[in-house]
Amino acid sequence: MVEWYLRRQYITVTQADALKKWQADAYLAGLMPACIGGYGQTVNGGTTEFSDMRVAAIARRANAIICLTNLSKHAVPMVDAVAINGKSAGRWMMEHVGGSPHEAMIWLQRFADALAKHFGLTR
C-alpha cells in the first residue's frame, strides 16, 4: 500500500521512506503478515536465539511504537495495517474507528510525518 499511496501522491517520498523503514524493522523484528490478518511472531523462544540485527530491529520498533503511541492509540494499528499488512488506511479506519477515508489519509500522513521525524528523515 505504501507504494500505491506514493504513486498517487497521497503521501510524500519522505513519508513513504518512513513507512518503509517501519515495515523493514517489523520484518527484521520477526513480524510477518498472517494469512488470516494481523501478524505474529515468527520465532518462538528467548532472545538468546535472536541475531544482533533482530534485536536492534526490535529495539528500533519499540522506540517507534512509543513515538506513535504518544500521537494516538490508533497510530500503531493503522500504520501496521498499511505498511505491514497492505490494507488501505481508509478501510482500516472504517473497520476500526468508523471515520471516513479522507480522515484516514490525514491520520496516515500525520503518523508518517511523526515517524519520519523520529527516524531522522526530517527535522
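Predicted model: local features only at pLDDT ≥ 70, side-chain atom pairs only at ≥ 80, totals over all residues.
Figure 1. Tyr 5, by contrast, counts as buried, at 3% relative accessibility. Tyr 10 is partly exposed, its relative accessible area being 39%.

**Figure 2. Aromatic cluster formed by Trp 4, Tyr 5 and Tyr 10.** Four aromatic pairs are found in a search of the whole structure. In one of them, the ring centres of Trp 4 and Tyr 5 are separated by 5.4 Å and the ring planes lie at 70°, so the arrangement is edge-to-face. The pair of Tyr 5 and Tyr 10 is likewise edge-to-face, because the planes of these rings also lie at 70°, with the centres 6.1 Å apart. Tyr 5, the buried residue, thus takes part in a pair with Trp 4 and in a pair with Tyr 10.

**Figure 3. Packing of helix α4 (residues 75-83) with helix α6 (residues 101-118).** The two helix axes come within 10 Å and cross at roughly 95°, which means that α4 is roughly perpendicular to α6. On the α4 side, the contact is made by Ala 75, Met 78, Val 79 and Val 82. Helix α6 contributes Ala 104, Trp 107, Leu 108, Phe 111 and Leu 115. The residues of this contact comprise nine nonpolar, no polar and no charged.

**Figure 4. Lys 21 and the ring of Phe 119.** The charged end of Lys 21 is positioned over the ring of Phe 119, at 5.3 Å from the ring centre.

Terms used. Residues numbered from 1 in each chain as written. Heavy atoms only, no water. Axes fitted to C-alpha atoms, helices over the stretch in contact; angles between N-to-C directions. Helix = DSSP H or I, 4+ residues; strand = E, 2+ residues; numbered from the N terminus. Parallel < 35°, antiparallel > 145°, perpendicular 65-115°, else oblique. Contact = heavy atoms within 4.5 Å. Nonpolar A, V, L, I, M, F, W, Y, C, P; charged D, E, K, R; others polar. Phe/Tyr/Trp six-rings, centres within 6.5 Å; stacked < 30°, edge-to-face > 60°. Buried < 20%, exposed > 50% of the residue type's maximum accessible area, 1.4 Å probe, protein only. Lys NZ or Arg CZ within 6 Å of the ring centre and 35° of its normal.
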